[in-house]
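Subject: A structure for you to look at

Hi there,

Here is the structure I promised to pass on. Please open it beside this email and follow along as you read.

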Amino acid sequence: MSLFNFYHILPSTVFDFPVIDSGGPLLSKIYQVAEATQAPLPMVVQGGLATASFLLQNLVDVEKPNGQVVPPSQYFVTVAVSGERKTTVDNQFSQDLNELEADLDDNYEQEVLEYELDFEIWKAKKRGLLKAVVNDGDENAITQLYEHEQAQPKHPARAGIRTFSDVTPEAALDIFYRESINSAILRSSEGEEILAGPAARKLSLWNSLWGGDPVRVDRKTSSSFVVNPRTTLFIQAQPSIMQRFVAKGGENARGIGFFARTHITYPLTTQGYRQVKEIDKTPNTEYEKWVKELFEFNVQASKAADFKRIKIGFSLLAKERWFIVANEIEREIRVGGRFERDGDHASKLADNIARMAVLLHCAEHGLNEEVSLDTLNDAIRLSFWFSNEFIRLFQAPSEEQQDYFSLQGWFNQKRTEGYRYLRKNRVRKYGPNSLRDAGKLNITLDALHNNGEIRIGTMAKKTIIDLYPNYQDDQALLMSVVNS
């Protein structure tokens, strides 16, 4: 059944996790990890997209169809119970990065040791010059002291790219500045370190970094500084951690827009349906090459004084589609609309779609050309699936929505039982108890019809519901239901 329909430009409010075609080696790795771990696919997709965001965010800019230029950085949160193989999924995507960073750290550690020695020597010379000035009033020493101050050794930069797992916001800011970090990822397979730790106290910091805004840090005991690293978040948390976070500060997180910027999911568990077998360790040379090339590009970019990010725009058809979707999202914020109670989330959705599309495009086609309509549509499907999760998790459903989901589930059950056509009277008689009232049933049927999930027609003064509205009519079957 198509996700799009004549009446609504946007995907349905409920649909299965989408199958996408964009992503090249990244997509190949995602499906390889899903097959190997048998973990929930939404969680695996988030792990792959977080890696892409980390590797690409300092190399390219997203040139949105409306002319705005934003980072491709993305924030992901997965809520999953213990045993869903969160750590395994994270390791599958981060292993190659960890090895590359380990090699980088070996070289960087030596540079830091040399810097610390030079700095100690510099401080010793400074003490000597200060002593000469204070005790002897040596004017020559004063001149030397000014010159010496200008020659203070600078802390070496760490090639501009770094992974964080357990770090306070204050420590992260210091590292961003000291090591000249341009691209960072904060990842956690347990979530408690972030959602229940100090990082949760400064959510506005992550909001600024998501937008690509410079962050000014004022210190009482040292000079102020400004940092502007592009940042990706990939947080996996157990439901209890998420519940505690929401209870203690989740309203604040919602209020200041943290979750509005985040792709969130609480996917159905795969436990009980997995086949116990050895985790596949088959290498994926195409993906490994892709990760290594982008990582090394990041290192080179950090050392090049004239480096400029590449702007990735959209094809004409993709631009037209994005504007249509963006305007429909805005329209749905109105009273009675899909995002009536979620304007904060809706205001960032079109932006996140553009970012997602650029990540998929660059993973498949490299850092050039324009985002195609097909790639944008993949990004729309993914982003709206996560959008539906946001609404499901953060919004208490209204009575109308509860009726909608109830009847939708009942129709899905009828599809599995082999039904296609149903008489309306049968639905009222045997359907959900809450919809025995004719008025409520009519409202819910109209909503499902308008979303393209069913089709309603009249034959022989009988109202017939078609559970497969996009299929060609089966006249014999239809007449048997009409005459029953």
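Let me begin with a term: a patch is made of residues with over 30% relative accessible area and no salt bridge, where like charges are joined within 9 Å and nonpolar side chains (Val, Leu, Ile, Met, Phe, Trp, Tyr) within 5 Å. This is a predicted model, in which local features need pLDDT of at least 70 and side-chain atom pairs count only at pLDDT 80 or more, while totals for chains, interfaces and linings use all residues. Residues are numbered from 1 along each chain as its sequence is written, and side-chain values use heavy atoms, with hydrogens and water left out.

The negative patch

Glu99, Asp103, Asp106, Glu109 and Glu288 form a patch of negative charge on the surface. Asp and Glu count as negative and Lys and Arg as positive, with His and the chain ends not counted. Helix α3 (residues 86-136) contributes the most, with four residues; helices (H or I, at least four residues) and strands (E, at least two) are DSSP runs, numbered from the N terminus. Glu288 sits in helix α9 (residues 285-303).

Salt bridges

How many salt bridges does a search of the whole structure find? There are 17, each being a side-chain nitrogen of Lys or Arg within 4 Å of a carboxyl oxygen of Asp or Glu.

One joins Asp90 and Arg187 at 2.9 Å, N to O. Asp90 is in helix α3 and Arg187 in strand β5 (residues 183-188), so you are looking at distant parts of the chain, 97 residues apart. Asp90 is buried at 9% relative accessible area, and Arg187 is buried too, at 5%. (Buried means under 20%, exposed over 50%, partly exposed in between, with a 1.4 Å probe and protein chains only.)

Arg381 and Asp378 meet at 3.2 Å; both lie in helix α12 (residues 373-394), three residues apart, about one turn of the helix. Here Arg381 is partly exposed at 23%, whereas Asp378 is buried at 4%.

Lys440 and Asp403 form another salt bridge, at 3.6 Å. Lys440 belongs to helix α15 (residues 438-450) and Asp403 to helix α13 (residues 399-416), so this pair ties together parts 37 residues apart in sequence.

Finally, Arg420, Arg455, Asp466 and Asp473 are linked in a network of salt bridges.

Look for the open sheet of three strands, ordered β2-β1-β10 with mixed pairing. Its edge strands are β2 (69-70) and β10 (310-312), each pairing on one side only; two strands pair if DSSP finds at least two bridges between them.

Enjoy exploring!

Technical notes:
Areas by Shrake-Rupley, 256 points an atom, 1.4 Å probe, with all protein chains shown as cover. Charge placed at Lys NZ, Arg CZ, Asp CG, Glu CD.
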